[in-house]
Amino acid sequence: MKNIIIKIQEQITFLQQEISEMSKELYSQQKEIMNLKKEISNFNKRIEELDNGIESSINKEDKK
């Protein structure tokens with residue numbers, strides 16, 4: 001019976017360590033996803049600015 005309790009305690013310790021590692025990895029991935037979303041948003045804003053600049057210059061050329 002004592003051996004079974006020891007094995008269970010070892011398994012619990014192992015599982016706690018695994019959960020801790022998974023939690024750290026999940027947190028890291030969440031931070032990376034948020035950073036990538038910010039980058040995508042910045043790229044989209046920059047594309048809009050460039051599109052508006054192109055449209056503006058086309059309109060100026062048409063007026064000439």
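Mentor: Arg46 is partly exposed, at 46% relative accessibility, where buried means under 20% relative accessible area, exposed over 50% and partly exposed in between, with a 1.4 Å probe and protein chains only. This is a predicted model, in which local features need pLDDT of at least 70 and side-chain atom pairs count only at pLDDT 80 or more, while totals for chains, interfaces and linings use all residues. Residues are numbered from 1 along each chain as its sequence is written, and side-chain values use heavy atoms, leaving out hydrogens and water.

The partner of Arg46 is Glu49: their side chains meet in a salt bridge at 3.4 Å, N to O. The term asks for a side-chain nitrogen of Lys or Arg within 4 Å of a carboxyl oxygen of Asp or Glu. Side chains of opposite charge can pair when their charged atoms come close. Glu49 is also partly exposed, at 48% relative accessibility. Both residues sit in helix H1, three residues apart, about one turn of the helix; helices here are DSSP runs of H or I with at least four residues, numbered from the N terminus. The structure holds one salt bridge.

Helix H1 covers residues 2-63 and also contains Glu21, which is partly exposed with a relative accessible area of 48%.

Methods
Helices (H or I, at least four residues) and strands (E, at least two) are DSSP runs, numbered from the N terminus.
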